[in-house]
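Open the model in your viewer and keep the sequence panel beside it. Each stop below says what to select and what is there.

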Amino acid sequence: LIHLGAARAFLTEPSWGGMRAVEQLSMALAVAECSAAIWKVGDPADDILAACADAFRLFEQIRGRWGVVARSPIAPAAVLRMVLGELARLVAQIPTAANSKAGRMGLLIALAAKQSGYAELIRAERTLLDDSLGVLVEEIVKLEQTHDDDLQTDVEVRYLADLRADLEHASSPLLADIVLPQRVAIEPILDCVRDCVTLDFVQLPLADGSEAWFRTTIEHAELVIFEELRMGEGYKILVEDDGSPQRQGLIDHLDSELAGRSRGWELAADELLPESVLERLRRPTSDRPLELLISPHKKLSRIPWNALVVAVGVDDRRIRLIERAVVAQIPMLSALLESGAERVSGPALVWLAGDVANQLEQIAWGLDADTLIANCEIPADSHHVLGGSLSENLLSDRWGLAYVASHGSGDRLGQYIEAGEKLTAARALSL
């Protein structure tokens, strides 16, 4: 550690021209790894956290200048993801239940990974965006690829700020933050989720070529637990074996009796949900169900969380998560800061697919069997059928809520829902 510190100080001397941010990041990561190598459980973790915080600061400095990422032939975006993976693994070694700083550091790394991933996705698939959004993102990419070094002039910084403002106006502050991510403050997010239990998942690559899953559990602002997950049989059946008989069997039995058919769902619940959450789910909570906010990642975004199975009572009776919890999902927790979400009332836009069993939705909204799209009041005491497509109606600012029950398919920005039209994720960003 002494030699690494001396080497870093020496190489940053002006006479050497100074190290580029990428080289500093490499040195900082080495310092963090050495600090972790000599650390023992029970010892103070201040040195590891300080080294990880230093490396993370340099990561953000590089991420803030996306031109470096856009033009390099060595795919630095992949390298930066790997750096985050290694930092996450170092932080996950620290028992975060007893160290709130470590939990917050882990959450910060997870949020940065998701922000960067979405930023890369929007750039890579910008041609799928609505024309007005595509032009703005194209201008940002051109600016990032303008010059040979990793610096931006004051004029370019101001132009980027103008483009960000244009994105906010054309779409939303959320999309602007996705395309041009900025550092997220942890405390406002913890304040947003103070009334629920929050689970954040992220999958990150490691230096050895493997990938690791990490979970942040937030039960209150003083208890932020960050840990590495060991996925097992439940995850494999539910997520990885898309065409396997076991997974198809799970899907076929979603509406059937749980006895003897719930092993995959139950294993997945044991692997994905922390013990503290499982304990709360096992308590009788019919009067006040657990409020659970989940921010999944990658393949975990595809699983039906409400269908997970938990054993409760002295007789280990199997119940689904939906029977004990109100579950909400969000792509990344930083979106909470831009959502401006409030309790809604008044008119709701409701779309129900015509070829699926949606009797419960029809009853809840007071709709006829043949109604596909309607303007419903909240509570549902009246409605009238609407003309036009779902996307056309979504463009209106009159709705407090949109409720859609539909089929879907596709991947990335090309994924879509069948709602009388193929409404893609790229198209939805402009609505």
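Predicted model: local features only at pLDDT ≥ 70, side-chain atom pairs only at ≥ 80, totals over all residues.

Residues are numbered from 1 along each chain as its sequence is written, and side-chain values use heavy atoms, with hydrogens and water left out.

Helices (H or I, at least four residues) and strands (E, at least two) are DSSP runs, numbered from the N terminus. Helix α3 covers residues 46-63, 18 residues in total, and reaches 25 Å from its first C-alpha to its last, close to the 26 Å expected at 1.5 Å a residue. The expected span of a helix is 1.5 Å times one less than its number of residues.

Next select helix α6, residues 100-124. Its 25 residues should span 36 Å at 1.5 Å a residue, and its end C-alpha atoms are 36 Å apart, so the two values agree. Helix α6 is mostly covered, with 20 of its 25 residues buried.

Select strand β1, residues 197-205, which contains Val-197. Is Val-197 buried or exposed? Val-197 has a relative accessible area of 2%, so it is buried. Contact here means heavy atoms within 4.5 Å. Leaving aside neighbours within four places in sequence, Val-197 is in contact with Ile-218, Glu-219, Val-277, Arg-280, Leu-290, Glu-291, Leu-292 and Leu-293. The C-alpha atoms of Val-197 and Ile-218 are 5.8 Å apart, although the two residues are 21 apart in sequence.

Two strands pair if DSSP finds at least two bridges between them. Strands β1 and β4 run parallel and are joined by four bridges; Asp-200 stands opposite Ser-295 in β4. Five of the six residues of β4 are buried.

Leu-293 has Ala-328 in β7 as its bridge partner.

## Stop three: Thr-217

Select Thr-217 in strand β2, residues 211-220. Thr-217 counts as buried because its relative accessibility is 2%. Beyond residues up to four places away in sequence, Thr-217 touches Thr-198, Leu-199, Leu-223, Val-224, Ile-225, Glu-227 and Pro-274.

## Stop four: rings

The structure holds five aromatic pairs. Rings of Phe, Tyr and Trp (its six-membered ring) pair if their centres lie within 6.5 Å; planes under 30 degrees apart count as stacked, over 60 as edge-to-face and the rest as tilted. Show Phe-201 and Trp-305, a tilted pair at 5.4 Å centre to centre with 35° between the planes. The pair links distant parts of the chain, 104 residues apart: Phe-201 is in strand β1 and Trp-305 in the loop between β4 and β5. Both Phe-201 and Trp-305 are buried.

## Stop five: two loop residues

Select Lys-298, in the loop between β4 (290-295) and β5 (309-312). Lys-298 is not a glycine, yet has a positive phi of about 50°. Its relative accessibility is 41%, so Lys-298 counts as partly exposed.

Finish at Arg-412, in the loop between β12 (407-409) and β13 (416-418). Arg-412 has a positive phi near 55° and is likewise a residue other than glycine.

How values were computed: Buried < 20%, exposed > 50% of the residue type's maximum accessible area, 1.4 Å probe, protein only.
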